[in-house]
Amino acid sequence: MRRLGEQIAYTWTFLRHPIDGFYDLRFSGKGSVASASVLLVLFFIAHLLRLEWTHFVFNPYRLLGTSVGRELLTTLLPVLIWVLANYLVSCITKGQGTFRAVYISAAYSLSPAIYFYIPIAIVSNLFTNAEASIYYFLTFVVNAWMLVLFYLQVKEVHGYEIGETIVNILWMLFAMVAIIAFAIALFAIVIQSVNFAVSFFREALGYV
Amino acid sequence: MQLRKWLLLMMVAVVVIGFSHTGTASASAPYRSYGYFKEQTFPVQSLYVPERVIGDQFYAVQNGSQESLPGLNGPTDLFIDNEDHIYVSDTNNNRVVKMNDRGQLLLELGTGADERSKLKAPEGIYVSSNGNIYVADTGNNRIAVFNRDGMWIDEILKPGSMMLQEVTFMPSRVSVDLRGFLYIAAKGVNEGLIVISPDKEFAGFFGSNKVELSALDRIKNLFYTEEQKRTAIGGAASVSDLFIDSEGFVYTTTIGARSEQIKKYNVGGENMFSGENMRLARNSALAGTYTGITVDRNGNIFALDAGAGQVFQFDPNGEPVFSFGDKLVDNKLRMGLFGDPVSIKVNSRGYLYVTDKMFNAVQVFRPTEFMTKVNQAEELFNSGNYEEAMRKSQDVLKSNVFYYKAHFIIGKALYMDTKWAESMERFELVFDTAGYSDAFWELRIHWVRNHFYLVISILLAAAAVYYVGNKVIRRRRGHHA
């Protein structure tokens, strides 16, 4: 338990030294699957609290305008698909990262959001429309920071060169689209076959 | 927050109990009425009730005896002048009639002996503030102008412009703007409204409808010859009605479009409802077929959806507010229901007039007490009488808590009265971020002014903590090294 706490607290060091951080996460036992999973949950909670606590001026509908399921689909699920796509592409292009390493590093890359989403939401309560640009700039900085971390994640975990990294990221994004398309198709086929089986047996047994 | 809970509670109460309310109201109106707020639809009490049907028959008193005259036959456009007199283009009778709000015939145009004054299937009508009557004389390919006594005075034919060479000039609606320019919707003209200057010269097209191409049409476009394209690919949707309000905004309705069925052009010719799908009705495949449009003194837009058989009221920003009406059942005429409605206008007292080709008459709808209060509150607000507007709005809310505009008016009035925190509550209720932001700005600056010394002390304290903290950390690091 104490070890898990230390692993989660490591995010603070990670934010200041991300390149060393990715190395230590993998080889010095600074992160684990358990701590990464906790971070994903914390990220989701931070996201929900941001929606609820951001000033009315910037987000009038708060959580009323959405649902937990919908937010799961639009925030956490893309991260998990990214992890899968990242690993699958890296297998082909000779990346060094294991699935475990990709999962842990992706979760740690979300730490700017965990730290700063809520403070920004609280500070936004002092702003009016006149200061909207400050609010949007702060949000932009955090999101851009995470994008940089995701770039470094691909580079450091798999040991790519800069050019390789960019090409691989494009492939990973393509793989994400492919996975989503495949999942939707599979979902549709399963529903169709279940419907078919149900109606077939109904007719066979004479219920109609 | 308190207010929000109260509102939610009231909403539940109205949904549970309130249906008895709408039930009694619908006894006088054979249709339901709805309110709209932020993409939500809810039933409301009656807004307009059918008052009477006029123009189905006329009487003239001649030599002391009453004589029956033919009533309207295929009425199309409608106009109401400053004195609340009603003009109807009586298409199938080749005339225009002027009547009072009781349906008494005052004037008949186009039936005189003068050849030049004869009308042929006129479809559009406009009356200028000096009483001149402009008739879109569709069958005679011209705009005929009569004076207030019904004497023919002028006509406007197709201007000799290159742009109009291939057009047969069949005007179906006409309106005149503040400068005296004519705006004409003509049949088969897809380039937009034809604008004609006061000296009868062609002044250009106004607000064209885009050609909507489907993906298949685009592919066809690549391979088809010019000949095939002309027959296979549909053209732009056509303008069905046109209205110019007292501030110079031009409103049009368009049939057969998937979006921008209603447009509001500013003086620069820019559509303020650009990209919006203005179709709200879902009861019929033909819903969204707006054939008539008009605007009241407060800038509220009334649009007649002939496909759905409903009248929609939009606020000046194009947000839907109310709707009412329904179609005839089995084509059996019943006052208050729509058969084949064409045009809609509103008079100075807020009464709505709708021409109907199936009734061959004009139906009159009277605003209910609720609707009258709503209009009064808006008028008071627009004229800057915020306190009275607030009182009226509170009155409105007593009969309908859903009516968001009342909350908005109260919020603005409280803001003007420097009650910022209270006005913020109202703006929060109706999700108005702009109003809320303004009120919060005032609240914040007054708080800072009133707590100036506190603010300064907090800033100084924060600076001190930062300075001392930095020193301590630096010293500790020194120890470790």
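Modeller: The model is predicted: local features need pLDDT of at least 70, side-chain atom pairs count only at pLDDT 80 or more, and totals for chains, interfaces and linings use all residues. Residues are numbered from 1 along each chain as its sequence is written, while chains are lettered from A and ligands numbered from 1 in the order in which they are written.

Biologist: How are α4(B) and α5(B) placed, roughly parallel or roughly antiparallel?

Modeller: The axes of α4(B) and α5(B), residues 386-399, come within 8 Å and cross at roughly 155 degrees (lines fitted to C-alpha atoms, for helices over the stretch in contact, with angles from 0 to 180 degrees between N-to-C directions). Angles under 35 degrees count as roughly parallel, over 145 as roughly antiparallel, 65 to 115 as roughly perpendicular and the rest as oblique. Because of its crossing angle, α4(B) is, relative to α5(B), roughly antiparallel.

Biologist: What is the handedness of the crossing of α2(A) and α5(A), left-handed or right-handed?

Modeller: The axes of α2(A), residues 18-27, and α5(A), residues 99-109, come within 10 Å and cross at roughly 135 degrees. That angle makes α2(A) oblique to α5(A). A crossing is left-handed if the near helix is turned anticlockwise from the far one by less than a right angle, and right-handed if clockwise. For α2(A) and α5(A), the crossing is right-handed.

Biologist: Which residues of α5(A) make the contact with α2(A)?

Modeller: From α2(A), the contact is made by A:G21, A:F22, A:L25 and A:R26. The partners in α5(A) are A:A101, A:I104, A:S105 and A:Y108.

Biologist: In the sheet β3-β27-β26-β25 of chain B, which residue of β26(B) is the bridge partner of B:P341?

Modeller: This open sheet of four strands has antiparallel pairing (strands pair if DSSP finds at least two bridges between them). Its edge strands, β3 (48-54) and β25 (341-346) of chain B, each pair on one side only. β25(B) is joined by four bridges to β26(B), residues 352-356. In β26(B), the partner of B:P341 is B:D356.

Biologist: In the sheet β10-β11-β12-β13 of chain B, which residue of β13(B) stands opposite B:I143?

Modeller: This open sheet of four strands is antiparallel in its pairing. β10 (124-127) and β13 (152-156) of chain B stand at the edges with a single partner strand each, so one side of each is left without a neighbour in the sheet. Four bridges join β12(B), residues 142-146, to β13(B). Opposite B:I143 stands B:I156.

Biologist: Which helix gives the largest share of the side of chain B that touches chain A?

Modeller: The contact between the chains takes eight residues from chain B and seven residues from chain A. On the chain B side, the largest share is six residues, from residues 433-450, helix α8 of chain B.

Terms used. Contact = placed C-beta atoms within 7 Å. Helix = DSSP H or I, 4+ residues; strand = E, 2+ residues; numbered from the N terminus.
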